[in-house]
Amino acid sequence: MPAERSARVRSAVLRSLIGVLAGAAAVAIVAGPASAAVVADPVFDEGGCVIYRVTDNGPQGAQCAGVNLTGTRFGEGDFRGANLIGASFAGGDVQGAVFAGANISGADFSGTRIVGADFTGAGIVPATVDVTADASGSAPVAFDVTPPPGLTVDGCSIVGAPVDSGQVFPIGTSNVLCTISSSFKGTATAVMTVNVVASATATPTATPLFTPEPVTATPVPIADSPSGSETPNWLMIGGFVGGGLLVLVGIVAFVVTNRRPKPDAGA
């Protein structure tokens, strides 16, 4: 019996070890691709300026201020949160790159291929504009357009309708799409979010939103008015009285005629 019990214990321990090893192997398989993505080779690594592709899921916030990136291809480059002040992308290729939150002040994009790049929040147009509505329930929204050298803002719109600085927006959130171009054929985009909120201290309007139409009393015709307010018809009354008198005179005449003594037959 002791030998049998010992064998069972060894068997249970062995099964537990096999389960732990299998679990560790599964975790390694699942985590392997993610780890490989993080350590993918950067598309640019020079002087502390390290740039990955967006799909590499690498670290963001590249420090490339003043770096000469002229002629370099950065397809799908990840420039999110990067410091690109004074950097030169002249003659390069950043198509499909993402510049969200990057500082591109003074960067040079002359002749750069920017097709499909996203410059939202990069300072060309504001990332968000928050304003408070006036009593009319809307507010004018002013914004500045400040593209760096080599880039031009072609215009902004909402579903194809042009939007200019100073345009009035209703209460709510509106996403404005701005198109950007360089001297190279093709355009990039930047999205500006406009938030218009109602004033917490707004005075309620004195004019009601709905005013019922005043009810005007319809005059009641004399013929339809209550009997207590009827106007006597003297012509009709006179006709009845006259007719009665004629009948009465006729009756009296008939009676008088029949009472006259009849002439004696022997006379």
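A disulfide is taken here as a pair of cysteine sulfur atoms within 2.5 Å. The views below show a predicted model, in which local features need pLDDT of at least 70 and side-chain atom pairs count only at pLDDT 80 or more, while totals for chains, interfaces and linings use all residues. Residues are numbered from 1 along each chain as its sequence is written, and side-chain values use heavy atoms, with hydrogens and water left out.

**View A. The disulfide between C49 and C64**. The two sulfur atoms lie 1.9 Å apart. The torsion about the S-S bond of C49 and C64 is about 90°, so this disulfide is right-handed. C49 sits in strand 2 and C64 in the loop between strand 2 and strand 3, so that distant parts of the chain, 15 residues apart, are linked; strands (E, at least two residues) are DSSP runs numbered from the N terminus. C49 has 0% relative accessibility and therefore counts as buried, buried meaning under 20% relative accessible area, exposed over 50% and partly exposed in between (1.4 Å probe, protein chains only). C64 is also buried, at 0%.

**View B. The disulfide between C156 and C178**. Here the S to S distance is 2.1 Å. The link is right-handed, with 105° about the S-S bond. C156 belongs to strand 5 and C178 to strand 8, distant parts of the chain 22 residues apart. Both cysteines are buried.

**View C. The largest nonpolar core, with 45 residues**. A nonpolar core is a set of buried Ala, Val, Leu, Ile, Met, Phe, Trp, Tyr and Cys residues joined through side-chain atoms within 4.5 Å. F79, L84, F89, F99, I104 and F119 touch the most other members. Strands that each supply at least two residues of this core include strand 2 (49-51), strand 5 (152-158), strand 8 (172-181) and strand 9 (187-197). Strand 9 gives the largest share, five residues.

**View D. The surroundings of F99**. Leaving aside residues up to four places away in sequence, F99 touches F79, L84, F89, V94, I104, F109, A117, D118, F119, T120 and A122. Contact means heavy atoms within 4.5 Å.

**View E. N57 and E76, each with a positive phi**. N57 is not a glycine, yet its phi is about 60°. E76, also a residue other than glycine, has a phi near 60°. N57 lies in the loop between strand 2 and strand 3, and E76 is placed in the loop between strand 2 and strand 3 as well. N57 is exposed, at 56% relative accessibility, whereas E76 is partly exposed, at 38%.

Note on methods:
Helix = DSSP H or I, 4+ residues; strand = E, 2+ residues; numbered from the N terminus.
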